[in-house]
Amino acid sequence: MLTAAALCPAPPLLARELTGADPVVPELRQACREAADVLVQADSDVVVVVGAGERTRAFDAAAAHLDLTPYAPALGARPAGPETLPLPLGLGGRLLDEAGYHGRRELQAVGADEPAPACAALGASLARTAPRVALLVMADGSARRSRRAPGHLDERSAAFDAAVGRAIRDGDMPALLALDAGLAGDLMATGRPAWQVLAGAVNGGRATSVIRYDDDPFGVAYLVASLTVG
Amino acid sequence: MSDAGAPQPGHPDGPDSAGMLRLGKRAFPPGQPLIMAIVNRTPDSFFQPGVTWSESAAFHRVDQAIAEGADIIDVGGIPAAPGSEVDVAEEIRRIAGFIAAIRSRYPDIVISADTWRHQAGRAACEAGADLLNDSWGGFDERLADVAAEFGAGLVCAHVGSQRPRTRPFRVAYPDVMADVLAQTLREANRALAAGVQPDRIVLDPAHDFGKNTWHSLEVTRRLDELTATGWPVLVSLSNKDFVGESLDLPPEHRLVGTLAATAVSAWHGARIFRVHQVRESRQVVDMVATIRGDRPPARTVRGLA
């Protein structure tokens with residue numbers, strides 16, 4: 001069953017080497033580090049990283065890797081290995097590495113178009129993989145929160161992200177499952193399926209949370225939180 | 001063609017194998033472009049003649065150049081062009097005290113003396129200069145001895161067969177770049193033999209010196225052949241005639257052309273840029289270093305949020 005979860009965004013700029021000389025978002029990275037630290041200290045049997053991918057599938061943590069060169073060719077040679085991870089899983093894996101986590105690790109992509117019931121079912125099955133399961137959920141809110149945002153302004157994004165924030169804060173998993181996938185798509189909120197996997201993994205348990213970061217410095221909603229489930 | 005005995009990278013008596021360039025107390029890795037700001041203690045240099053003739057104006061210029069990102073201050077007391085005679089005593093009077101004053105105000109800035117005469121070089125080193133910038137290709141052979149004695153750096157320039165303060169007259173080369181390579185490497189070898197430290201030797205193709213505009217353009221186009229020697233390369237392009245003749249512009253309107261030549265030279269791997277306009281040159285060399293991947297962008301967010 002699920003015992004703990006961490007929620008972090010997965011923008012490319014979370015990778016320090018992508019922002020040039022300026023760290024740009026040191027407080028966001030710090031919040032993610034803290035969330036990962038707390039998660040790996042939760043004494044779980046397995047940590048499952050969940051994030052959006054092209055389609056729903058698991059990746060082999062030993063074989064697949066994070067590759068940032070598609071974002072910055074100057075970073076040099078692509079890492080050797082058969083398979084590249086979707087960015088949210090790669091960044092999540094890096095957070096676990098940086099937290100010093102060496103235990104069992106699963107990497108689960110969830111398709112961007114996966115409907116809510118399938119996400120919930122996936123979450124429930126992930127929670128059953130071990131007696132004590134920890135989840136690292138890599139998920140972003142709307143990218144249309146301001147006129148300077150990547151997707152320009154969509155007035156609906158404020159209410160949408162506020163609802164997500166409230167659901168996380170209050171442990172209100174049904175509210176996450178009720179998110180409108182069409183609206184999330186319109187708002188470029190790529191985290192929707194991963195949040196719904198979280199909701200399915202909590203599966204009726206009681207989630208309490210600590211919000212570590214909640215801001216949108218570049219017009220994309222970033223939410224960092226730690227959840228304990230009992 | 002390089003001399004058979006010319007030092008090559010990796011050779012114990014060649015350029016530093018890691019490409020480090022040492023000037024004064026500072027060490028500069030390859031990929032870090034350096035701006036050398038020109039401060040002329042002359043009443044009659046070609047660009048803005050006399051602008052830093054007075055000591056207060058010269059000091060203001062030093063302060064401004066450093067504030068705008070200069071790494072090296074190059075102090076000269078004699079114009080390159082022919083003109084009224086400046087004897088050794090007068091040259092020393094113009095530069096030595098001023099170098100000492102810069103040194104006391106800026107203990108860590110790299111100071112260069114633009115001179116070909118060993119007596120002036122000695123006075124400059126005694127006053128605190130770190131680099132002897134000889135634009136005249138080792139005309140005074142004892143200058144290298146002075147650099148060696150003081151542990152200073154030495155610029156080895158190509159001037160063909162020009163004597164100091166003369167203009168090129170119908171100069172011709174079978175292959176100007178081959179001549180640049182041969183002469184600068186020969187001078188570097190001579191500097192090594194004189195005891196100048198290998199990581200303090202710099203090559204300068206010396207645009208316009210012993211060259212017509214076609215020659216300077218060729219040297220710019222093929223500068224990678226000089227940087228490929230492994231020695232740090234200095235270029236002095238600032239507002240020169242090859243820019244003016246290329247664009248048909250007088251000295252006061254040559255900045256943009258200078259910056260274009262600066263960008264090409266930086267792309268080819270030049271490491272020191274001797275300039276009048278520091279702020280603009282700094283931006284150009286930093287931008288090219290960023291394009292080359294030698295320097296990270298200052299701050300990248302676009303498309304990454």
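The second largest cavity of this predicted model is lined by B:Val235, B:Ser236, B:Leu237, B:Ser238, B:Thr258, B:Thr262, B:Phe273, B:Arg274 and B:Val275. Three elements of chain B each give two or more residues to that lining, namely β9 (234-236), α9 (255-267) and β10 (272-275), and the largest share, 3 residues, comes from β10(B).

Rolling a probe the size of a water molecule over the atoms shows where empty space is left. By this rule the model has 2 cavities of 30 Å³ or more, and the largest cavity holds about 80 Å³ of space. Among the 14 residues that line the largest cavity, those closest to its centre are B:Asp134, B:Gly138, B:Leu154, B:Glu187 and B:Arg190. The elements that supply two or more residues to this lining are α4 (142-150), β7 (153-157) and α5 (176-194), which belong to chain B. Of the contributing elements, β7(B) gives the most to the lining of the largest cavity, with 4 residues. Sorted by class, the lining of the largest cavity has 7 nonpolar, 2 polar and 5 charged residues.

From the cavities the reader may turn to the open spaces. The largest pocket has a volume of about 880 Å³, and of the 40 residues that line this pocket, the closest to its centre are B:Phe46, B:Ala80, B:Ala81, B:Phe209 and B:Lys240. Two elements of chain B, β3 (34-40) and α8 (241-247), each supply at least two residues of the lining of the largest pocket. The residues of that lining divide into 14 nonpolar, 14 polar and 12 charged.

The next part to consider is the interface between the two chains. Here 13 residues of chain A are in contact with 8 residues of chain B, and the two chains bury about 880 Å² between them, with 63% of this area on carbon and sulfur atoms. On the side of chain A that touches chain B, the residues divide into 10 nonpolar, 2 polar and 1 charged. Which side chains meet in a salt bridge with N and O atoms 3.5 Å apart? They are those of A:Asp22 and B:Arg299, and the count between chain A and chain B is 1 salt bridge.

Over all chains, a search of the whole structure finds 34 salt bridges. One of these lies within chain A, where A:Arg145 forms a salt bridge with A:Asp216 and the closest N and O atoms are 2.8 Å apart. A:Arg145 lies in the loop between β7 (133-138) and α4 (156-170) of chain A, whereas A:Asp216 lies in the loop between β8 (207-215) and β9 (222-229) of chain A, so the pair ties together parts that are 71 residues apart in sequence.

Notes
Residues are numbered from 1 along each chain as its sequence is written. Chains are lettered from A and ligands numbered from 1 in the order in which they are written. This is a predicted model: local features need pLDDT of at least 70, side-chain atom pairs count only at pLDDT 80 or more; totals for chains, interfaces and linings use all residues. Side-chain values use heavy atoms; hydrogens and water are left out. Contact means heavy atoms within 4.5 Å. Buried area is the accessible area (1.4 Å probe) that two parts lose on being put together, summed over both. A salt bridge is a side-chain nitrogen of Lys or Arg within 4 Å of a carboxyl oxygen of Asp or Glu. Ala, Val, Leu, Ile, Met, Phe, Trp, Tyr, Cys and Pro count as nonpolar, Asp, Glu, Lys and Arg as charged, and the others, Gly among them, as polar. On a 1 Å grid over the protein atoms alone, a cavity is a set of points where a 1.4 Å probe fits but cannot get out, and a pocket is an open set with protein on both sides within 12 Å along at least five of seven lines; lining residues have an atom within 4 Å of a point. Grid points are joined across faces, edges and corners, and a volume is the space filled by probe spheres set on the points.
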